[in-house]
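Please look at the sequence and the structure shown below before reading on.

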Amino acid sequence: MKMRTFILACAAMMVQGMAAKDVTVTVANTENTQRQELVELDVNEVYSKLGIKKCQKFIVKNAMDQQVAYQVTYDGKLLIDASVRPNGKAVYTITPGEPQAMKAYVYGRQYPERVDDIAWENDRTAYRVYGPALQNSGERAFGVDVWVKNTPDLEVEKRYATELSNHPRIQGLKKAGRDAEAKEIQIATTYHFDHGYGLDCYKVGPTLGCGAPALMVDGELVMPYCYKDYEILDNGPLRFTVKLVYNPAQINGDKNVVENRILSLDKGSNFNKMTVWYEGLTKKCDLAAGVVLHSEDLQTVDCGKNFVLYADPTDAPANQNFQIYVGALFPNCVKATKKLMFDEVVSGNAGHAVGITEYTPGEKYTYYFGSAWSKNDVRTFAEWQLRADGFLKALAAPLKVTVE
């Protein structure tokens, strides 16, 4: 009996010792430039090395012994927001325990109160795509919208609430003939005006907007309409991810081609990751992705080997006097990048700057799209070109992560 008790006690001590073992994560930067970005680890490896069950909580600390924010994603990744000096290493320690409350840097949801928009944001910019309710209304808005901001705080929820809650009052004043009062309230509450934190002044309409994909038939874009179904897969604090499914379309004789997208936005990034694939397509087909070009400024466009960049003039250039920098990046390269101009300008929409690749049925194609604002973190188009170049170089030379 004593021997059995002794063996059980030793076994318990061994299990406790295994469970108490910390995990060390080393992030190495082999490039001669500062890096600040999310790194991904296999969370199951972390659970195993910690000796804890899946979904049990843990703490991540930096070299200063401070807790840092992390996130476990839908696809089994552990995200850590890493800062690493040029040719340097950053060390993080993971231990079992209850972490402190983490600040959310990203957030998104569907807004059925605003014709089924799905809007999401990080600490730099906000975006939205349009849903079934808008399509049912007959309004033609196909692409990705941009909402600029100059605060790291989450703004979208407040903007929708302020705008929508004042609509009934504004309409009531207009019906009563009190137009001046209605206009005053509208100016003070609409998210189409800047109240010190940013606004919505990007024109989308029947275009790709900022970064949407489209298959091509005989050199013409076959525009997707609004999403049909959605599923939010990640919602912070460091990454937002949503899956979108679109209504079937006829492409190259295939009658029920369904477009699927998974897009994500990370803390601190100017660029969303887009993965798109098509079900029901039986033949190879050109696939394009890019940004709409507006007639008010067709000069500031850069179509490079693996990117398209544009300084968008906004929906009221003379009044706004600032620019929205937009672009799409193609780290896997493309057949061509080029301008596709419309036969005629409609509502200021003059064409697109796109990257074109040959899409093979069944494959998943990944590229990146994003934006910045001249009143926030990227002041000039030259800076935007540098930002895009830096992002592509970081993708080509990822930070090296080891787990011990």
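How many residues of strand S8 (residues 117-121) are buried?

## Basis of the report

The model is a predicted one, in which local features need pLDDT of at least 70 and side-chain atom pairs count only at pLDDT 80 or more, while totals for chains, interfaces and linings use all residues. Residues are numbered from 1 along each chain as its sequence is written, and side-chain values use heavy atoms, with hydrogens and water left out.

Helices (H or I, at least four residues) and strands (E, at least two) are DSSP runs, numbered from the N terminus. Two strands are said to pair if DSSP finds at least two bridges between them.

Strand S8 is mostly covered, as five of its five residues are buried. Here, buried means under 20% relative accessible area, exposed means over 50%, and partly exposed lies in between (1.4 Å probe, protein chains only). On one side of S8 the buried residues are Asp117, Ala119 and Glu121, and on the other they are Ile118 and Trp120.

S8 pairs with strand S7 (residues 107-111) in the antiparallel sense over five bridges. Within this pairing, glutamine 110 has isoleucine 118 as its bridge partner. The two strands form a hairpin with five residues between them, and valine 115 in the turn has a positive phi of about 45°. S8 also pairs with S9, again in the antiparallel sense, over four bridges. There, glutamate 121 stands opposite alanine 126 of S9, and a hairpin of three residues joins S8 to S9.

Strands of a sheet pair through backbone hydrogen bonds, either parallel or antiparallel. An open sheet of four strands has antiparallel pairing and the order S3-S6-S1-S26. Strand S3 (58-61) and strand S26 (400-403) each have a single partner strand, so one side of each is left without a neighbour in the sheet. On average, neighbouring strands of this sheet are turned by 20° against each other, direction ignored.

Four bridges join S3 to strand S6 (residues 89-96), and the two run antiparallel. Lysine 61 stands opposite threonine 93 in S6. Helix H2 (residues 43-50) packs on the sheet and touches strand S1 (23-28), S3, S6 and S26. Contact means heavy atoms within 4.5 Å. The direction of H2 makes about 60° with that of S6.

## Two packed helices

Two packed helices are described by the angle between their axes and the distance between the axes. Axes are lines fitted to C-alpha atoms, for helices over the stretch in contact, and angles run from 0 to 180 degrees between N-to-C directions. Helix H4 (residues 156-175) and helix H5 (residues 179-189) pack at an angle of about 170°, with their axes 8 Å apart. H4 and H5 are therefore roughly antiparallel to each other (angles under 35 degrees count as roughly parallel, over 145 as roughly antiparallel, 65 to 115 as roughly perpendicular and the rest as oblique).

The residues in this contact include Ile170 and Leu173 of H4 and Ala182 and Ile185 of H5.

## Salt bridges

A salt bridge is a side-chain nitrogen of Lys or Arg within 4 Å of a carboxyl oxygen of Asp or Glu. A search of the whole structure finds 26 of them. In one, arginine 35 is joined to glutamate 37, with the closest N and O atoms 2.8 Å apart. Arginine 35 is buried, with a relative accessible area of 5%, whereas glutamate 37 is partly exposed at 23%.

Arginine 128 forms a salt bridge with aspartate 145, the closest N and O atoms being 2.9 Å apart. Arginine 128 lies in strand S9 (residues 125-129) and aspartate 145 in strand S10 (residues 145-149), so the pair ties together parts that are 17 residues apart in sequence. Both arginine 128 and aspartate 145 are buried. A network of salt bridges links Arg114, Asp117, Arg128, Asp145 and Asp200.
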